[in-house]
Amino acid sequence: MRPPSVDALARSLADTGLPHPLLVDAARAAIADGDTEGVEERARAHAHAAARSLLQPVVNATGVLLHTNLGRAPLAIAADAAYTNLELDLSSGRRGSRHARAAALLARLCGADDAIVVNNGASAVLLVLAALAAGRGAAVSRGELVEIGGGFRVPEVMEQSGARLVEVGTTNRTRMADFASAVENPANDTALTLKVHQSNYRIVGFTEHVTVAEMASLSVPVVADIGSGLVDAACPWLADGPPAWLAGEPAARQTLADGAALVVFSGDKLFGGPQAGIIAGRADLVSQCARHPLARALRPGSLVLNALQQVALAYLRRDGQAIEFWRMASLTTAELERRAHAVVAESGAGEVAEMASVPGGGTLPGTEIDSLGVVLDGDHTALLRAGSPPIIARVSDHRTWLDLRTVAPDDDQHVIAALKALG
């Protein structure tokens with residue numbers, strides 16, 4: 001039997017909604033399998049696999065608030081199909097700066113003189129080191145020469161920036177005298193000291209570290225990579241103030257007040273915005289970063305800047321409920337329990353169970369947030385992922401756990417439908 005025409009087979013898949021070129025690829029793959037019997041079913045399976053491979057919304061029922069595999073902080077940002085005044089000064093009609101809007105709001109939030117935005121946290125560290133310490137020394141505690149997800153290693157980023165690593169202290173104990181000795185040694189030609197937040201691990205026991213306030217007394221600027229992006233330890237955007245699980249997390253406003261010349265942090269972690277890197281602090285140092293050739297290569301586009309602007313405005317309005325991460329993080333267990341009972345009652349599946357959400361995204365390791373959700377016997381994660389929308393759950397002790405803290409209330413109906421479909 002002759003195989004069907006590629007074009008005819010592709011057209012028969014038009015109801016999938018994929019563009020015709022992708023349907024042609026699916027048809028060709030099915031025909032290439034060699035067996036004419038069942039070719040239509042195979043072509044449809046290839047088309048379905050192509051659609052599933054595209055970026056799409058998912059329901060996060062893992063309980064990990066900043067799930068790196070799921071894009072970290074969830075965003076609900078309005079973006080009209082229109083031009084923007086990205087680099088236009090509306091008052092004068094002349095060319096403006098893309099840093100004059102979102103970055104200015106971020107500086108206001110952090111209590112900084114100025115700020116600049118790049119495309120992620122690693123880029124922010126790279127730009128600061130390249131602009132302020134290329135060819136010179138940058139002193140870092142050995143206990144803060146970290147590696148985080150994706151292979152970001154402080155020594156390697158420093159090498160790429162052109163700065164020279166000056167290791168200070170030991171892995172578990174670094175004293176102020178260690179930093180002072182490194183800065184005062186002419187051979188080091190130290191341009192700055194760098195404090196890196198141990199965001200995804202902890203060293204406990206026989207330890208000692210140097211604070212930003214202590215480091216600020218030295219003759220070179222302190223750059224603090226606070227990583228997770230908490231803006232203000234007081235959390236004025238939350239009606240009840242900072243939650244207990246946030247205790248000890250460094251914040252941009254307080255770090256600058258302690259004497260840091262610059263703070264660097266990610267936009268898609270505790271800040272609750274899009275992937276971005278924020279550099280905030282002294283105007284002269286921010287200006288040096290903005291003038292460096294790398295700044296153009298690392299700058300974000302209008303979509304990221306618009307998202308940052310909307311999140312920053314929500315902070316300034318003290319409207320934490322408008323920032324999806326903080327809305328989820330501040331849910332009460334009573335509200336989660338009510339939703340969990342409704343899911344079980346309507347789906348007829350599983351049982352309500354206490355759970356422990358985690359911040360995720362490399363922030364606050366070991367921290368747990370009381371939560372509730374639905375648990376089912378057995379591993380149903382593959383079937384849940386296969387649904388529309390896909391529901392991402394976790395397995396522990398041969399049971400499937402769906403934590404409702406990270407599920408938007410409007411998505412409860414998707415969870416109910418998926419549990420019903422499990423039979």
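User: Hi! Which residues in α3 are buried?
Analyst: V39, A43 and A47 are buried in α3; buried means under 20% relative accessible area, exposed over 50% and partly exposed in between, with a 1.4 Å probe and protein chains only. Seen down the axis of α3, these buried residues line one face because they fall within an arc of 75°, taken from the directions from the helix axis to the C-beta atoms. This is a predicted model, where local features need pLDDT of at least 70, side-chain atom pairs count only at pLDDT 80 or more, and totals for chains, interfaces and linings use all residues. Residues are numbered from 1 along each chain as its sequence is written, and side-chain values use heavy atoms, leaving out hydrogens and water.

User: Nice. What covers those buried residues of α3?
Analyst: The cover includes α1 (6–11) and α2 (20–32), with contact meaning heavy atoms within 4.5 Å.

User: And A45, is that buried or partly exposed?
Analyst: A45, in helix α3 (residues 39–52), is partly exposed at 46% relative accessibility.

User: Switching topic: where does S371 lie?
Analyst: S371 is in strand β13 (residues 369–377). Helices (H or I, at least four residues) and strands (E, at least two) are DSSP runs, numbered from the N terminus.

User: Why does S371 count as buried?
Analyst: Because its relative accessibility is 2%.
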